[in-house]
Amino acid sequence: MKYLYRLILLFCFAPFLASCGDDDFIEIDSLSADGDEFYCNQKVKVWMCVRSSDLWHTDYQWSCDGGTLTQPQGLNEMTWKAPDTPGIYTITCKATVGGKSETRQHKMYVSSYYFDKFEKAAHSFTLQSGNKNALKKESNGNQYLQVQVNSASEVRRYVRRVFGDNTLHIPFSTRLKIGFDSNVPNTQMVKCGSKEDYAMLEYRWNMRSDAENNGAYISQIYMRWYPSDVIDGYPAVPEEVGTSVEGTPDFNVLLTVQYRGADGKQYYYNERHKLDTFNKFVAGEYKNVSMGVDENFIFHAYIDGVETLTSSLVANARNLNQCVGNMFVDNWEIYYINGNGGRNIPVMYMDDAYGSNTEMLK
């Protein structure tokens with residue numbers, strides 16, 4: 001009789017148990033990512049917004065067709081690390097509760113090795129002390145970085161992007177939209193306190209040694225230029241010990257390669273050029289300036305997409321010193337200058353910083 005009673009209870013509750021499973025539901029509102037455009041190796045937060053009959057017990061399973069997922073499965077959020085090749089990739093998430101599942105995909109556009117559009121407060125550039133900086137908005141809503149020297153004793157300051165990638169090497173290229181909101185410099189030299197230097201802007205790559213370099217390597221590459229025609233004339237080439245000089249003595253662009261020997265001594269190789277391209281900056285107009293070194297160690301510089309300087313200085317410095325191995329890029333610095341005597345301090349505009357190891361940026 002006891003067994004018959006249990007059988008009757010089972011039949012009575014079976015429809016109810018079945019209806020519980022039928023009541024499970026799940027609906028995906030969105031699969032979102034923190035941004036629309038990403039760079040190679042960037043870590044990006046992605047997340048799901050869903051409605052379900054039991055959010056506490058909803059399970060999430062993530063997958064991707066490129067890059068890697070760096071958080072545990074089962075949660076409604078994930079961190080995706082982009083691959084090291086530009087392209088369009090797909091992230092997929094399957095949300096499940098009870099016997100019901102829904103799936104959503106999201107396309108991830110990886111545009112370059114690195115970029116920063118300065119659209120967020122937490123941008124990826126670091127700033128040297130002794131500067132004044134702020135994120136500003138243009139009338140069209142675009143946000144950019146505004147910087148100026150804020151020191152009574154320093155001639156130059158910099159912003160820096162540390163790449164943090166021990167595998168990053170030549171070929172490589174960087175580009176920045178740069179200009180002046182006010183006070184374009186128009187003199188040869190800037191003096192502030194006891195220090196004096198050329199009134200030139202500068203892009204610099206700081207390189208790092210690698211085991212394959214055997215302790216001797218190209219340690220810096222930098223390009224300096226006068227952003228406008230100077231009222232006191234262009235300078236002549238100064239006497240510099242240990243420096244080989246090519247180009248013209250009446251210069252407005254200076255290209256320098258620093259070599260560090262296995263003994264730690266530094267040697268400099270310079271080219272000075274007179275070019276009617278880099279000196280056309282006026283307040284309120286901004287230009288894309290890029291520099292790169294290709295797979296043959298040839299240096300390239302562009303202004304607004306037009307190549308204005310090509311040089312074999314890097315390759316020559318490597319050959320003269322019998323450098324072995326590749327050239328590894330550690331960080332990128334952009335130097336800007338103080339006002340002469342601390343007056344009329346140039347106010348710089350910086351935006352759309354890009355880097356690429358797949359093309360020469362223009």
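This is a predicted model: local features need pLDDT of at least 70, side-chain atom pairs count only at pLDDT 80 or more; totals for chains, interfaces and linings use all residues.
Colleague: Which side chain does lysine 117 meet in a salt bridge?

Modeller: Look for a side-chain nitrogen of Lys or Arg within 4 Å of a carboxyl oxygen of Asp or Glu. Here the partner is glutamate 37, with N to O at 2.9 Å. Lysine 117 sits in the loop between β9 and β10, while glutamate 37 belongs to strand β2, so the bridge ties together parts 80 residues apart in sequence.

Colleague: How many salt bridges are there by this rule?

Modeller: The count is 16. Take another one: lysine 120 and aspartate 34, whose closest N and O atoms are 3.0 Å apart. This pair also links distant parts of the chain, 86 residues apart. Lysine 120 is in the loop between β9 (114-116) and β10 (126-127). Aspartate 34 is in the loop between β1 (26-33) and β2 (37-39). Lysine 120 is partly exposed at 44%, and aspartate 34 is partly exposed at 38%.

Colleague: Where can I see a salt bridge between buried residues?

Modeller: Go to glutamate 202 and arginine 204. Their closest N and O atoms are 2.6 Å apart. Glutamate 202 has 0% relative accessibility, so it counts as buried. Arginine 204 is buried too, at 13%.

Colleague: Which residues are linked with them in a network of salt bridges?

Modeller: The network links Arg156, Asp197, Glu202, Arg204 and Arg224. Arginine 175 gives a second case: its charged end sits over the ring of tyrosine 354, 5.1 Å from the centre.

Colleague: How do I read a nonpolar core?

Modeller: Start with the general idea. In soluble globular proteins, nonpolar side chains tend to be buried together. Now this model. The largest nonpolar core has 79 residues. Ile178, Met223, Phe299 and Met350 have the most contacts inside it. Strand β7 (residues 87-97) supplies the largest share of this core, five residues. Apart from it lies another core of 12 residues, including Ala199, Val230, Phe251 and Leu254.

Colleague: What is isoleucine 178 in contact with, leaving aside its neighbours within four places in sequence?

Modeller: Its contacts include Leu201, Tyr203, Phe281, Val289, Ile334 and Met350. Lys287 is also among them.

Colleague: How many aromatic pairs are there, and how is a pair described?

Modeller: The count is 23. A pair is described by the distance of the ring centres and the angle of the planes. Phenylalanine 180 lies in strand β14 (residues 172-182), and phenylalanine 281 in the loop between β21 (266-273) and β22 (286-293), so the pair ties together parts 101 residues apart in sequence. Phenylalanine 180 is buried at 0%, and phenylalanine 281 is buried at 3%.

Colleague: Are the rings of tyrosine 286 and tyrosine 349 stacked or edge-to-face?

Modeller: Check the angle. The planes are at 5 degrees and the centres 3.6 Å apart, so this pair is stacked. Tyrosine 286 lies in strand β22 and tyrosine 349 in strand β26 (residues 347-356), so parts 63 residues apart in sequence are tied together. Tyrosine 286 is partly exposed at 22%, whereas tyrosine 349 is buried at 0%.

Technical notes:
Residues are numbered from 1 along each chain as its sequence is written. Side-chain values use heavy atoms; hydrogens and water are left out. Helices (H or I, at least four residues) and strands (E, at least two) are DSSP runs, numbered from the N terminus. Buried means under 20% relative accessible area, exposed over 50%, partly exposed in between (1.4 Å probe, protein chains only). A nonpolar core is a set of buried Ala, Val, Leu, Ile, Met, Phe, Trp, Tyr and Cys residues joined through side-chain atoms within 4.5 Å. Contact means heavy atoms within 4.5 Å. Rings of Phe, Tyr and Trp (its six-membered ring) pair if their centres lie within 6.5 Å; planes under 30 degrees apart count as stacked, over 60 as edge-to-face and the rest as tilted. A charge sits over a ring if NZ of Lys or CZ of Arg is within 6 Å of the ring centre and within 35 degrees of the ring normal.
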